[in-house]
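The sequence and model are shown first.

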Amino acid sequence: MAVETEKSGSDGKVWSFCRMPFWQGRNGSSSSSSSLSSMHNIHAHHHHQQQQNQSHHQSVERLSLQSPTTVSSVAKSFLPTRRRLRLDPPSKLFFPYEPGKQVRSAIGIKNTCKSHVAFKFQTTAPKSCYMRPPGGILAPGESLIATVFKFVEPPENHEKPVDQKSRVKFKIMSLKVKGEMDYVPELFDEQKDQVAVEQILRVIFLDPERPSPALEKLKRQLADAEAALEARKKPPEDTGPRIVGEGLVIDEWKERRERYLARQQVEGVDSV
């Protein structure tokens with residue numbers, strides 16, 4: 001039997017080191033124990049997998065017995081949120097930095113859905129910011145440019161934090177609606193479970209005296225927004241019946257009839 005002994009120099013204890021031939025010499029009991037242990041582990045792992053599969057099937061069966069609405073909502077929760085609006089700029093609002101003044105920013109909003117979509121603005125600073133329009137309903141493919149107004153507080157240290165982020169943020173939310181209707185903010189309260197947050201917009205200040213692509217784009221968007229606002233203020237062209245005098249409605253048919261009666265009267269007088 002191959003056994004080696006070694007005495008520890010500190011406490012005098014004897015540690016035995018057993019070589020492999022020693023264990024193999026005992027009719028392979030160690031290898032048998034190892035094989036049995038491995039088989040037991042494999043069986044336990046297989047049993048655990050069966051329990052997991054059974055639990056999964058039971059969960060699926062319980063889910064299938066629930067209402068279709070519940071199944072649909074669970075399935076939708078695993079899907080990524082699809083954007084209903086396309087924003088330009090997509091994630092920032094650029095403002096010219098003019099301390100002590102009310103400045104403007106602009107953002108393009110386009111409905112990319114096949115249905116009507118309502119949108120709504122929210123801000124963390126409602127006392128110093130407001131939007132025009134604050135909300136609305138866009139038809140499929142329709143777009144507009146919203147104008148955002150903000151009062152710029154003068155800095156305490158009299159420095160000019162150009163190109164710096166502001167703590168003020170804006171949020172744009174969307175909601176699908178059925179066809180054309182008048183926009184009211186209560187729509188978002190009545191259908192909270194259908195409201196989606198499109199984007200959280202950060203505020204970025206620009207130096208109005210330093211030309212930049214962002215500043216030039218902002219000027220173009222503001223000009224387009226003003227032009228669209230003036231166009232909406234103009235009265236629509238009247239293509240219906242004309243109103244003359246004290247509300248007398250005269251259309252083409254009535255004009256012809258009156259001219260005909262006038263000719264008849266003239267011809268009657270001449271014949272007499």
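The notes below take the basis of the values, then the asparagine, then the aromatic pairs.

The model is predicted, so local features need pLDDT of at least 70 and side-chain atom pairs count only at pLDDT 80 or more, while totals for chains, interfaces and linings use all residues. Residues are numbered from 1 along each chain as its sequence is written, and side-chain values use heavy atoms, with hydrogens and water left out.

**Asparagine 111**
- Asparagine 111 lies in strand 5 (residues 102-111); strands are DSSP runs of E, at least two residues, numbered from the N terminus.
- Asparagine 111 is buried, at a relative accessible area of 1% (buried is under 20%, exposed over 50%, partly exposed in between; 1.4 Å probe, protein chains only).
- A polar atom of the asparagine 111 side chain lies 3.1 Å from the backbone oxygen of leucine 138.
- Beyond its neighbours within four places in sequence, asparagine 111 has contacts (heavy atoms within 4.5 Å) that include Arg84, His116, Leu138 and Glu142.

**Aromatic pairs**
- Rings of Phe, Tyr and Trp (its six-membered ring) pair if their centres lie within 6.5 Å; planes under 30 degrees apart count as stacked, over 60 as edge-to-face and the rest as tilted.
- By this rule there are three aromatic pairs.
- One of them is edge-to-face: tyrosine 97 and phenylalanine 205, 5.2 Å centre to centre with 70° between the planes.
- Tyrosine 97 lies in the loop between strand 4 (92-96) and strand 5, and phenylalanine 205 in strand 11 (residues 196-206), so this pair ties together parts 108 residues apart in sequence.
- Tyrosine 97 and phenylalanine 205 are both buried.
- Tyrosine 130 and phenylalanine 149 form a stacked pair, 4.6 Å centre to centre with 5° between the planes.
- Tyrosine 130 lies in strand 7 (residues 129-132) and phenylalanine 149 in strand 9 (residues 143-151), so the pair ties together parts 19 residues apart in sequence.
- Tyrosine 130 is partly exposed at 41% relative accessibility, whereas phenylalanine 149 is buried at 8%.

Key:
Helix = DSSP H or I, 4+ residues; strand = E, 2+ residues; numbered from the N terminus. Polar contact = N/O pair within 3.5 Å; in protein donor to acceptor, adjacent residues only side chain to side chain.
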